[in-house]
Amino acid sequence: MNHRIVSLLAAIGALWALAVPIQAQTYAEYPDSVRKDMLRNDSLLALADTTEAIPYHPLVRSRINLAARAYGDSIVLRWAPEDYVSWKYLNQTGYNLIRIGEAGIDTLFYARKPLSKEQMLAKYPQSDSIAVMATEMMYSNKRMKYNQTRNMPGSIGAMVEMSEEQNMMFGFAVLFSEWRRDLANDMAMRFVDTNVKKGETYQYILHPTIHPADSSIIFQPGFIEEIENTKYKPEPFDVQIRDSIVSFYQIDLSWEQGPYSSFEVERRGPSKQEEGLDGMAWERINENPFVPFQKDMPFQEETSLGDQVKAPGYYEYRIFAHDMFGDLTEASPTHRVKMGDLDPPIPPVVTFINIDRPDEDDPTVNVTAEVHFRKDSLEDDLTGFLPLYYNKQITGEEWKPLMKEPLQRTDTMTVIDVTGLRSGMMVIAAYDTAHNVSYSMPVMLRVEDMRGPAAPSNFFAFPHEDGRVELHWTAPADIDIDYYQVVYANDTTHPWLFRNDEGIRDTMYVDSLALDVNQRYIYYKVRAIDFSTNEGDWTDILQVERPTMLKPTVAHLDSAWVDPKGIHMDWITGTDQQMAYHKVFRWKENEKERTLLAICDADSVKALNNVLHIDDTPPYDRKNKYYYAIESFNNSAISSDLSLAYMNYYEGPLVIDIKMTLEGTYDRDSHQTRIAWDLGEVPDYGPWYICIFRKPQGETNFQFHTSVAAEDRSYSDVLLQKGESAQYYILVQYEDGRRSKNSNVVTITAPAE
């Protein structure tokens with residue numbers, strides 16, 4: 001829907017692109033002299049009163065597009081509003097047309113509206129599809145409602161969808177008025193002014209009969225400033241025609257539509273010579289005006305029309321366009337098309353084939369076929385020959401060329417490299433300049449293949465837990481592969497055994513392995529056999545790890561210890577050859593779910609003498625134990641089950657390193673010691689507070705002085721007497737017993753005076 005709407009609006013805009021320049025004004029903007037003349041005309045008083053009642057608005061929201069064309073004996077006016085809402089309103093209220101000429105001001109019509117639905121149905125038969133559709137566009141009640149959209153009613157999407165449908169209906173109406181003059185008149189979109197004088201200049205004003213009382217739509221009238229009534233000269237249709245030959249004598253013409261929507265196409269020809277077209281008469285190839293909508297998607301920028309000609313030769317085409325006034329443009333520049341000959345040449349005849357193997361030591365190389373053929377008559381348009389080869393087992397359903405370049409038209413013999421081919425059918429194809437082709441009768445090309453295929457590539461395996469192993473490879477470039485052979489061994493020093501009794505036709509094989517053997521690996525090779533039973537080269541050896549159903553050995557704890565940095569453990573894992581990885585779990589005694597700490601590669605652990613070392617720093621918890629266990633897995637993802645668990649508490653560090661800065665001074669006015677501190681980040685080990693320690697003058701040790709809340713950052717001490725000194729430091733004390741390191745020490749002395 002969207003792309004059609006966009007193209008439709010583009011077509012509507014193009015419809016008026018070449019019109020006479022339009023200058024639209026409100027009544028208040030007309031010159032005083034014109035307004036006075038209009039008011040002196042009694043028939044215009046109603047219109048003047050209506051337009052005068054509309055206040056001047058600098059942002060006119062809806063314009064009536066008006067175009068005019070003079071013919072000498074008449075002037076034709078065409079118009080259309082620029083949106084669906086304006087069109088529906090004006091169809092109900094009507095238009096007024098004012099003409100200003102040398103004889104004065106005249107009202108050509110007042111409150112002109114389209115014919116009613118009943119009048120349209122009575123005037124036009126049901127077989128007139130364009131008229132029926134035009135009536136539908138104007139009066140149908142089967143339009144989309146707010147609750148009939150694909151989007152949710154009331155949403156932006158629903159409103160956009162309804163707007164698109166309305167714009168499409170309006171666009172169709174404008175196009176129908178362009179295609180048909182009678183419909184344009186009856187849809188109130190065209191008027192012919194015959195009461196005009198040749199050579200005189202006229203102005204036209206097209207205005208709504210009634211403006212909306214609430215000014216919901218502010219109309220900008222259509223205004224033809226000046227048009228001189230002289231004889232119309234058709235405009236040239238300057239367009240480039242393109243062609244393509246799509247089938248037997250079928251020519252497709254394409255061109256850009258421009259601002260036009262219907263066309264007439266003419267052709268002349270055929271002629272065997274290009275210069276022979278000039279004297280031929282033109283004939284129209286379309287019975288009715290060609291409207292792109294009837295054949296292709298509507299409103300596209302480029303359109304096309306097919307033409308069926310009867311014979312080869314040269315043809316010329318030209319196109320006329322119907323413009324929005326119903327006139328034909330001048331013809332487009334002529335376009336010349338050459339329809340080639342579709343008759344193939346007479347087929348050649350193969351007379352003799354000789355196979356040559358010059359290398360006695362290796363008869364599989366440099367094998368050639370000397371082919372002789374004849375053609376009794378050579379057509380003028382014959383271009384050459386090409387040998388083709390067919391063997392269903394090698395070429396499938398197609399005939400393949402045996403040479404890169406075709407032979408010359410005069411050749412009767414060729415030598416072809418057939419190395420690697422086997423016996424098959426061959427023909428000689430003859431081509432002409434028009435790419436027509438004929439074939440000789442098929443003959444047998446008897447070639448004994450003595451060379452084996454190359455080794456397959458991209459050989460890989462995909463093992464499954466149930467013991468199945470998928471083997472995949474890419475076929476070699478040889479075109480005569482018949483089947484493949486797969487061999488296996490439990491060790492590269494053992495004899496190779498065939499895995500399949502019959503040949504494998506696909507590039508995949510599924511093997512089933514025993515799951516209770518001691519070997520970790522199994523080894524494979526594959527080769528191709530061609531249709532001549534030549535054996536190809538083996539692939540490189542592929543090593544595949546066997547799946548197993550045996551449980552791996554359970555890990556056990558060797559040693560463990562706890563320090564302020566965490567819990568540390570050394571686990572001893574199993575030495576199984578098919579061990580793949582180990583999972584390390586942790587959980588609390590009051591938790592149901594285990595936490596996966598790590599997945600450790602088994603080969604990496606084996607490199608450390610099968611010692612799996614774990615360092616863990618879990619969240620501090622003095623009340624609940626932490627449990628640790630190991631679960632091992634082999635390459636078949638079979639679990640050893642969880643090992644015995646190791647359990648311990650983790651209290652974390654008892655002394656916390658917290659950045660603290662302590663400062664102090666003595667306040668003379670209040671005779672108090674004041675200390676303040678700044679704390680960095682305090683780790684979360686539970687609730688905490690600040691402890692202040694004090695050492696009076698003459699004492700040896702600091703003593704606990706007091707504690708303050710965690711949010712406090714200062715403290716005042718009144719114990720210091722004149723002339724005495726004291727030292728202070730602080731620390732963070734947690735309720736669970738942890739504490740920080742001491743802050744720096746500050747010394748404060750009270751003045752003697």
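This is a predicted model: local features need pLDDT of at least 70, side-chain atom pairs count only at pLDDT 80 or more; totals for chains, interfaces and linings use all residues.
Residues are numbered from 1 along each chain as its sequence is written, and side-chain values use heavy atoms, with hydrogens and water left out.

Arg 336 is found in strand β15, where helices (H or I, at least four residues) and strands (E, at least two) are DSSP runs numbered from the N terminus. Arg 336 counts as partly exposed because its relative accessibility is 32%, a value between the limits for buried (under 20% relative accessible area) and exposed (over 50%), computed with a 1.4 Å probe on protein chains only. The side chain of Arg 336 also makes a polar contact with the side chain of Glu 316, at 2.3 Å; such a contact is a pair of N or O atoms within 3.5 Å, and within protein one must be able to donate a hydrogen and the other to accept it, with residues adjacent in sequence counting only if both atoms are side-chain atoms. Leaving aside residues up to four places away in sequence, Arg 336 touches, among others, Asp 243, Leu 277, Asp 278 and Tyr 314, where contact means heavy atoms within 4.5 Å.

Glu 316 stands opposite Arg 336 in β15, and the strands concerned, β14 and β15 (residues 335–339), run antiparallel and are joined by 5 bridges; two strands pair if DSSP finds at least two bridges between them. Strand β14 (residues 313–322) is also joined to β11 (residues 262–271), by 8 bridges and again antiparallel, with Val 265 opposite Ile 319 in β14. Of the 10 residues of β14, 9 are buried.

Elsewhere, helix α6 (residues 129–139) has as its buried residues Ile 130, Ala 131, Ala 134, Thr 135, Met 137 and Met 138. These residues lie on the same side of α6 because they cover an arc of only 160° around the axis, the arc being that of the directions from the helix axis to the C-beta atoms. What covers them includes α4 (84–93), α5 (117–123), α7 (156–179) and α8 (181–186).
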